[in-house]
Amino acid sequence: MKKEFYLSFFVFGLTILFSGICVAVYLSKGKSAFWISKKMKIGALILSFTVLSSGGCTPMCYDSSEPTEYINLDSIENNTLNIDLSTNNKVTGTISERISNEFSFALGNISSDTIFYQSDIFATDGEFDEITETFALTIPETKNGDFILRFYNTNQNLQADHYPIAEIPIKIVHSRIADVQN
Amino acid sequence: MSKIKLPLVAFEITSICNLRCRYCYNYWNAPTINTFLHFNSYKQSIKTLKKLFSVADVGHMTFTGGEPFMAERFVETVLYARMKKKSVTIITNGTRSNENSYRQLVEIGVQMFELPIHSYLSDVHDRMTNLNGSHGKVLETIRILSQLDVHIVAVVVLTKINANHIADTLLFIKQLGITRIMLNRFNIGGRGIDNNEELQLSEEELQTAFKSASETALQQKITVSSNVCTPICILNPNDYRGISFTFCSADVKNRPLTLELNGNLRFCNHSPVVLGNIFTDKLELILNNDKTKLWEGIPEYCVDCQVFERCRGGCRAASEQMNLSAKTVDPIIHFLKIQREAQQTNFKQ
């Protein structure tokens with residue numbers, strides 16, 4: 001508690017200093033390399049003492065997605081994952097450029113964009129600790145139909161606070177539960 | 001009132017650039033644009049970002065341009081975004097800044113830099129960027145950034161000029177210590193409209209280059225992604241397992257919405273169509289207006305396609321760049337058809 005108090009006090013002091021430097025930068029009309037350098041230094045210091053969200057992003061033209069973590073699945077046909085629950089409920093694949101130690105997935109309805117199942121993903125060798133990791137996940141017994149499978153670089157409990165890192169349509173057939181229309 | 005959640009916004013901080021890349025997609029470089037006023041202002045940058053952050057909960061900011069390092073007080077603008085708790089990527093041509101600025105940006109937590117390396121041959125790279133010495137400068141920038149231990153992504157724009165040695169280029173990039181590469185096919189727009197004939201690959205050339213890149217990526221363990229949406233009937237991801245393909249989201253909020261300095265918001269950085277202005281229009285209305293809804297439609301060419309939901313007709317922003325509707329399939333379909341017909345005619349003759 002005492003440590004937190006001193007840290008807050010320190011950050012408060014830095015913020016005051018930063019404000020003063022911003023005034024100096026303003027007075028120099030942004031042309032003083034000296035004051036800009038000081039502004040950046042103190043800014044960096046403040047940032048290092050505050051918790052920042054690393055956020056997430058979607059892929060775009062001329063821009064990549066997040067700095068990390070591509071998901072490749074082993075058995076995709078026409079960009080859809082086909083699961084025949086009468087023969088196999090496992091999905092296998094590879095995560096490359098891995099950084100996170102935890103991954104999870106969610107199954108949702110395409111039309112309503114609602115999630116109805118979440119679970120963690122496990123590395124084949126037990127731990128996500130290498131740059132490239134193979135993994136397996138189990139599709140639960142659910143209704144037949146077309147759904148969306150989303151991947152997260154966090155555990156299943158934290159999905160709501162994160163953006164998915166990948167998604168793919170999934171078609172589930174031969175379930176013992178009645179069909180669903182999407 | 002709760003803010004609208006936007007995973008990513010690309011901020012075109014300036015339209016000014018020191019290069020004249022033959023393939024440049026920036027719509028203000030299109031041959032039909034004659035009256036565009038180039039923009040560059042720190043004061044306006046902060047004003048626009050302030051407005052954006054007041055109406056939207058933005059996760060990630062990508063600073064682009066133009067050349068962002070030519071923007072007035074660029075590093076300070078990035079600091080502003082970082083202090084608003086946004087993660088940041090910078091798309092730069094790598095020829096305009098210095099070690100001090102890169103260091104400052106890394107110190108404030110910029111996560112990733114994206115730089116072009118179009119070829120292992122300097123003359124090929126320079127020909128594409130239209131600036132002699134640009135290859136050497138970008139290599140120097142990569143050397144600096146590597147020492148600063150930041151994520152670097154190399155961007156290769158695949159054209160007729162550099163496609164025949166793509167495998168060697170990927171190996172060269174790997175030797176520079178970069179293991180993430182964006183392999184983007186030339187996508188018509190901007191200045192590229194005038195240079196289409198010189199740059200546009202035939203279907204066979206495109207597929208051969210992607211095949212070569214895919215095999216190299218698998219052998220060399222390089223992460224290669226294709227980030228320009230391409231119709232699946234042209235490039236089927238199943239045929240290139242070494243390359244990750246991305247496609248445009250149907251959900252406008254998951255698009256790489258692109259913000260101009262004056263507050264104009266566009267669908268993505270390739271689209272020239274302004275959906276609205278965040279200073280004058282409500283964001284919710286911008287994201288649900290008629291121009292936005294046009295993207296939900298199915299192009300006539302794709303009506304019977306089984307994989308449309310995934311592919312969505314390729315890059316329809318490129319259609320807009322060609323003054324076509326966003327409901328028109330990617331113009332690459334049209335170009336490749338013309339090339340095929342021309343080849344058949346030559347064969348008959």
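Here is a quick tour of the strand pairing and nonpolar cores in this structure.

This is a predicted model, so local features need pLDDT of at least 70 and side-chain atom pairs count only at pLDDT 80 or more, while totals for chains, interfaces and linings use all residues. Residues are numbered from 1 along each chain as its sequence is written, chains are lettered from A and ligands numbered from 1 in the order written, and side-chain values use heavy atoms, leaving out hydrogens and water.

Start with chain B, where an open sheet of 11 strands runs β8-β7-β6-β5-β4-β3-β2-β1-β9-β10-β11 with mixed pairing. Strands here are DSSP runs (E, at least two residues), numbered from the N terminus, and two of them pair if DSSP finds at least two bridges between them. At the edges sit β8 (243–245) and β11 (274–277) of chain B, each pairing on one side only.

Some pairings from both chains:

| Strands | Sense | Bridges | One partner pair |
|---|---|---|---|
| β1 (residues 4–12) and β2 (residues 56–64), chain B | parallel | 8 bridges | B:F11 and B:F63 |
| β1 (residues 70–73) and β4 (residues 90–96), chain A | antiparallel | 4 bridges | A:N72 and A:T94 |

Now the cores, meaning sets of buried (under 20% relative accessible area, 1.4 Å probe, protein chains only) Ala, Val, Leu, Ile, Met, Phe, Trp, Tyr and Cys residues joined through side-chain atoms within 4.5 Å. The largest has 118 residues, and B:M61, B:F63, B:I90, B:L105 and B:F113 have the most contacts inside it. Its largest share, 7 residues, comes from strand β5 (residues 151–158) of chain B. A second, separate core of 23 residues includes A:L107, A:A123, A:F128 and A:F135.

Notes:
Buried < 20%, exposed > 50% of the residue type's maximum accessible area, 1.4 Å probe, protein only.
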